[in-house]
Each structure stands twice: as C-alpha cells, then as structure tokens.
Amino acid sequence: MSYNLVFYGNETLKGIAEPVENIDGSVAAIIDEMYEIMYRERGIGLAAPQIDLGRRIIVVDTQDGNGNKIALINPVIKEFSDRTNPFEEGCLSVPGINADVIRPSEILISGFDRNGKELEIEARGLLARVFQHEVDHLDGFLFIDRIDNYIREEFRSELKKIKKMNR
Ligand code: CO
C-alpha cells in the first residue's frame, strides 16, 4: 500500500482519529511507512491523519542525538506543566509556514508501542513540543489553529495555495 501526505484543508486532518483496536502487523506496517515518509520529507514528527489515515498513531524522531525515536499508538497526554514556552513550529501538512506556538514545556504522555507494550514518557524540550503537535493532529488541530487570528490572517493566501496541493 502506498500513502501520500495530505495538506491543510483535507477532511481527515480536520477529524478526530479513531483509536487503534488491535496492535498487529498492519499497524507496524503503517508505522514503518510513516517513518519512511517523515524522513523523506525531513520532518521530526508525523501523525497518521497526515497520510489520510484517521487512526491514533504518531511517530517522532527529534534527531537531537538523544535517541528520541518513538512511535506511539493511542497516545494520551496525562499531565501538562503549568510552565509554558513559545517555540517556532512548522508542519509537513502546512508546508512553508512557520509560527510561534505557546505550549506547556513538559508533559507526561502514555501510549502503546508497536508490540502493544504500554509506555509512559516524561518529555520536555523539543520532544514535549513534537508530541503535543502530533497528538493535536489526532484531534483535528493544526498548529495554525493555535496561533492568534491576526497572525493566521497573514498566511491566508499561502494557506489557499496549500489547500490546492491536496490531490
Ligand atoms: Co504537523
């Protein structure tokens, strides 16, 4: 099976992704495919809705030398720090646009790995950032939904062009 990236405006990206019921070989194959697309596109995170799959699966690799290559199935962010910080985000589904987003600095996230083993991860820095961005995708949110309206307005014509990239 071959998957393609979808972009701002795509319906799956706007929807709430379905939990994965059975973690089997087909899920592992999706994860492999997601990594392949993420690396090819030089991203550091990807959520299944970005390849038009409404399933709760994310992959991240912050590529910062800390071994933060993690795939999570049915991820849940259980705790957010009170402390927040701004950081410039981008998204493979919103190419060419970057903007500062304010998010909690640290999180506690749980989920299942490709073998069905439950994981709980305390994340800070870039990893916490990417996890929050990717889990947002599972609930139909893009980072541009989390910036001020007046800043989003500045991207209006670019967003129109991006919408047309959907096949
Ligand atoms: Co994204």
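I take a salt bridge as a side-chain nitrogen of Lys or Arg within 4 Å of a carboxyl oxygen of Asp or Glu. The model is predicted, so I note that local features need pLDDT of at least 70 and side-chain atom pairs pLDDT 80 or more, while totals for chains, interfaces and linings use all residues. I number residues from 1 along each chain as its sequence is written, and side-chain values rest on heavy atoms, without hydrogens and water.

**Entry: salt bridges.** I find 12 salt bridges in the structure. In one of them E89 pairs with R129, with the closest N and O atoms 2.7 Å apart. This pair links strand β4 to helix α3 across 40 residues (helices, H or I, of at least four residues and strands, E, of at least two are DSSP runs, numbered from the N terminus). E89 is buried at 4% relative accessibility, and R129 is buried at 6% (buried is under 20% relative accessible area, exposed over 50%, partly exposed in between; 1.4 Å probe, protein chains only).

I next looked up D136 and R103, whose side chains form a salt bridge at 3.0 Å, N to O. D136 lies in helix α3 and R103 in strand β5, so the pair ties together parts 33 residues apart in sequence.

**Entry: cobalt site.** I see the cobalt ion coordinated by C91 (SG), H133 (NE2) and H137 (NE2) at 2.0 to 2.2 Å (donors are N, O and S atoms within 2.8 Å of the metal, or 3.2 Å for Na, K and Ca; water is not among the atoms, so sites may look incomplete). The donor spacing along the chain is C-x41-H-x3-H. Both C91 and H133 are buried.
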